Structures are given as C-alpha cells and as structure tokens.
Amino acid sequence: MIEVRPFAGLGAANHGWLDAHHHFSFASYHDPRRVHWGALRVWNDDAIAGGTGFPPHPHRDMEIITYVRTGAITHEDSLGNKGRTEAGDVQVMSAGTGITHAEYNREDETTTLFQIWIMPTAHGHKPRWGSRPFPKDGRAGQFVTLASGREGDGEALWIGADARVLGATLKAGETITYETGRDRYLYLVSAKGAITVNDVAAAARDGVAIHDEDRITVHAVEDAELVMVDSAP
C-alpha cells in the first residue's frame, strides 16, 4: 500500500516567524485519519525566519529528530547541551524522563527543516541530545541511516525506538531500492525533486505513506534529496 499525501493538502499554520506544514495532527491541526503512522507521530515541515525560534519548552517520552534542509539551527537545553546543526546534518533529542530545550535560528537567512517525532518503545530513560554531520555526498545513490534504535545501525545517532531515519541523494534518472517487511511502516519525503515510489508519483515535499510492502524502489525524476522513517507498528 502506497498513499501519497500532497504537500498542498497538509495542515498549515503561518505565524509570521514560523511557516509550518504538518503531515500529521499537531497543535491546532487535527485530522483523525492522520494521527500517526506506525511509531511516527509528527513530521513537520518548518521554515523559521532569521533571528527567531522556539523559546524554552519541555518534552518527555518522545524521540525528536531534526533534519536541517537549509540554514542552521542552534540548540540549548536543560542538560547544558549547546550546538549548531547545519544544512544536511541531523540532531536528535531523546526526551526520556523530561528535558527543556530551545531551538533558535541565529542566522541571517530563513532556516528550513523537518522535525520528526517518533514514539519510544519504553518510557523513563535518561534524556540525551546529540548531533552529527551527514555529508550529502556520503549518501549519494544509497540510503544511509541517520538515526536508529535498531541493532546493527551503530554509526547512526541513537534513538529509543524501534525505528530508523534514513537519508539519500539521487541524481535525476537514478534508482535505489530498500528492503523492508510487510509489518513495517515507512514514511518518505523528498525534500527536493520529483520521484516515483514503486511507480507511484510524488512531488517534492509530498508525504509517501508505505505499508504492507516487501521492497520499495525509488526513482528520481529530478535530482532528489530523500528522508525516510522506517518504524514498527
């Protein structure tokens, strides 16, 4: 089963400093058909104006992954962590028993990013934060695991969930495959570039919800930058 969720049909809220689009129910946007997809709970497509950001606020028992598309985001939290994550790189905050954090765009330009929340397999673990670069040329023509709670993904940023977040870049005309299981829930977004997934067409920033498939084949109609979550039910 492959369902395309067009970008134009996503939930949206423009706060001036923040232009947000929601693939799943979030804040004032609620669609009972789109509350989660497997363990994936939130996928927000955010544009944050320069010199603005999210002031300190708390989270608990959620795995929060930030994939920066353009610009950079600066993180500060109640554990004393501070860091700046640039375009193409990834940060992970495992909220666990509780953490307060702020995310600021301290750049002169608008920062765009995907904010992805995944429900943990267990509650009550110690909160943690991490960030690392993932050069796009290292993902050329292949899926690379960016964050994971699954065995065998040791180089990826850790999350406390039966899930992995993957990235890939494709040149127009290139094709890659990904082996999955029919019980897994996949959600794929091309940050840029039109693609097909098992011959189903999707435009840039559309959501592609995938389930009950043994394998997916992604073909780049245009140069494409892919981000995908593979999660348990």
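1. In this predicted model, the lining of the largest pocket draws at least two residues from each of the strands β2 (11–14), β3, β4, β5 (52–59), β10 and β11. The volume of this pocket comes to about 280 Å³, and of the 20 residues that line it, those closest to its centre are Leu18, His22, Phe26, Asn44 and Phe54. Sorted by class, the lining of the largest pocket comprises 10 nonpolar, eight polar and two charged residues.

2. Among the residues lining the largest cavity are Ile48, Phe54, Ile64, Met93 and Leu113, together with His75, His101 and Glu103; by class, the lining has six nonpolar, five polar and one charged residues.

3. Arg34 is placed in the loop that lies between β3 (18–22) and β4 (40–48). Its relative accessibility is 14%, and because buried means under 20%, Arg34 counts as buried. Apart from neighbours within four places in sequence, the residues in contact with Arg34 are Glu3, Arg5, Gly9, Leu10, His23, Phe24, Ser25 and Tyr29.

4. An open sheet is formed by seven strands in the order β1-β20-β17-β22-β15-β13-β14, with mixed pairing. Its edge strands, each of which pairs on one side only, are β1 (2–5) and β14 (157–158). Within this order, strand β17 (residues 185–192) and strand β20 (residues 207–211) run antiparallel and are joined by five bridges, with Val189 standing opposite Gly207 in β20.

5. Strand β16 (residues 175–179) shows two contrasting faces, of which the covered one carries Ile176 and Tyr178, while Thr175, Thr177 and Glu179 belong to the uncovered one. In a regular strand, side chains alternate between the two faces of the sheet. Strand β16 runs antiparallel to strand β21 (residues 215–220), to which five bridges join it, and Glu179, a residue of the uncovered face, stands opposite Arg215 in β21.

Technical notes: Residues numbered from 1 in each chain as written. Predicted model: local features only at pLDDT ≥ 70, side-chain atom pairs only at ≥ 80, totals over all residues. Heavy atoms only, no water. Buried < 20%, exposed > 50% of the residue type's maximum accessible area, 1.4 Å probe, protein only. Helix = DSSP H or I, 4+ residues; strand = E, 2+ residues; numbered from the N terminus. Pairing = 2+ DSSP bridges. 1 Å grid on protein atoms, 1.4 Å probe; cavity = no way out; pocket = protein on both sides within 12 Å on 5 of 7 lines; lining within 4 Å. Nonpolar A, V, L, I, M, F, W, Y, C, P; charged D, E, K, R; others polar. Contact = heavy atoms within 4.5 Å. Points joined across faces, edges and corners; volume = space filled by probe spheres on them.
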